[in-house]
Amino acid sequence: VFMPAKTVTMSENSRVSFQSALNTWIYPAIGEKKMPDVSSADLSSLLLSVQAQGRAHATAVKVYTVLHTMFKMAYLSDMIQRNPMDKVPRPVPRKDEIREAEAQSLTVEELQTVLGALNDEPLKWRVLVYVLIDTGIRRGECCGLKWEDVDIESQVITIRRNLCYTPARGVYIDSPKSGRVREVDIGPETAALLRAFKNQSAGKFVFTQEGSQTPMHPQSPTRYLKKLSGRCGVPDLHPHKLRHTFASIAITAGADVASVSEA
């Protein structure tokens, strides 16, 4: 009942993530119980077991979200007379996870090191990293960019699509994660790199696979940044870290947190 109803309103990635939480954590713990027999203590114990196994805070929050949505749907449909999730607090991160989150953006020195290392990298990757840092867009949104979305003269990029991947479906195009088309500004150096790169490009997509006009796989930026991390000596380089770096730079430059989080 739950997954077919949710599939109508969620993306393919979210569907896979929800199903994974059900199969990995929820069904093994409470799958044999009827929903009216599940107590708040059962659910709290389930969430604590996720954290006790050293799983990331995001995993615990995902399981909590699935449980919250599932039991709310059951309560609103009169399948259960009470919602046990009403008495289950949202998981809080461990102290080590808080420290890790605080270190999720590049320092000024690390950013300078990365930008310096890019001078020796192929133009395609140099452009991609500059776009990620300069705009804070997600890797799938970056891989989904077409040249028609890039206004180099006005220094504006329009985010219209998100390139996604799941093992079952492969690579596919979805709407942006925010669900709306939006515009992001780019700086003059990024615009200049895009102009030079466009002169070498023949396809519709900005970033493509080698020797092809097929858009770059949405996991390719992660793999590339891992290799760049080893070459330049800046640890744990990944697209999300560049997104955090954009947010830090924007806030330092005077942008309000709300506008940064919506980017």
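Mentor: A residue counts as buried when its relative accessible area is under 20%, as exposed when that area is over 50%, and as partly exposed in between. The model is predicted, and what follows is computed from it.

Start with His 217, which sits in the loop that joins α9 (188–198) to α10 (220–232). Its relative accessibility is 18%, so His 217 counts as buried. Setting aside residues up to four places away in sequence, His 217 touches Cys 143, Tyr 165, Val 171, Gln 209 and Arg 223.

Cys 143 takes part in no disulfide, and the nearest cysteine sulfur, that of Cys 142, lies 5.8 Å away. A disulfide needs a pair of cysteine sulfur atoms within 2.5 Å. The structure as a whole holds zero disulfides. Another cysteine, Cys 232, has 16% relative accessibility and so counts as buried.

Next comes a strand residue. Thr 158 belongs to strand β2, which spans residues 156–159. With a relative accessibility of 10%, Thr 158 counts as buried. Apart from neighbours within four places in sequence, the contacts of Thr 158 are Leu 145, Asp 149, Val 181, Arg 182 and Glu 183.

Helix α6 covers residues 108–118 and helix α7 covers residues 123–135; their axes come within 10 Å and cross at roughly 155°. An angle over 145 degrees counts as roughly antiparallel, and therefore α6 is roughly antiparallel to α7. The crossing of α6 past α7 is left-handed. On the α6 side, Leu 111, Leu 115 and Leu 118 make the contact; on the α7 side, they meet Trp 125, Arg 126, Val 129, Tyr 130 and Ile 133. Sorted by class, this contact of α6 with α7 has seven nonpolar residues, no polar ones and one charged residue.

The relative accessibility of Ala 5 is 38%, so Ala 5 counts as partly exposed. Ala 5 and Met 73 are 68 residues apart in sequence, and their C-alpha atoms are 9.6 Å apart in space.

Conventions
Residues are numbered from 1 along each chain as its sequence is written. This is a predicted model: local features need pLDDT of at least 70, side-chain atom pairs count only at pLDDT 80 or more; totals for chains, interfaces and linings use all residues. Side-chain values use heavy atoms; hydrogens and water are left out. Buried means under 20% relative accessible area, exposed over 50%, partly exposed in between (1.4 Å probe, protein chains only). Axes are lines fitted to C-alpha atoms, for helices over the stretch in contact, and angles run from 0 to 180 degrees between N-to-C directions. Helices (H or I, at least four residues) and strands (E, at least two) are DSSP runs, numbered from the N terminus. Angles under 35 degrees count as roughly parallel, over 145 as roughly antiparallel, 65 to 115 as roughly perpendicular and the rest as oblique. A crossing is left-handed if the near helix is turned anticlockwise from the far one by less than a right angle, and right-handed if clockwise. Contact means heavy atoms within 4.5 Å. Ala, Val, Leu, Ile, Met, Phe, Trp, Tyr, Cys and Pro count as nonpolar, Asp, Glu, Lys and Arg as charged, and the others, Gly among them, as polar.
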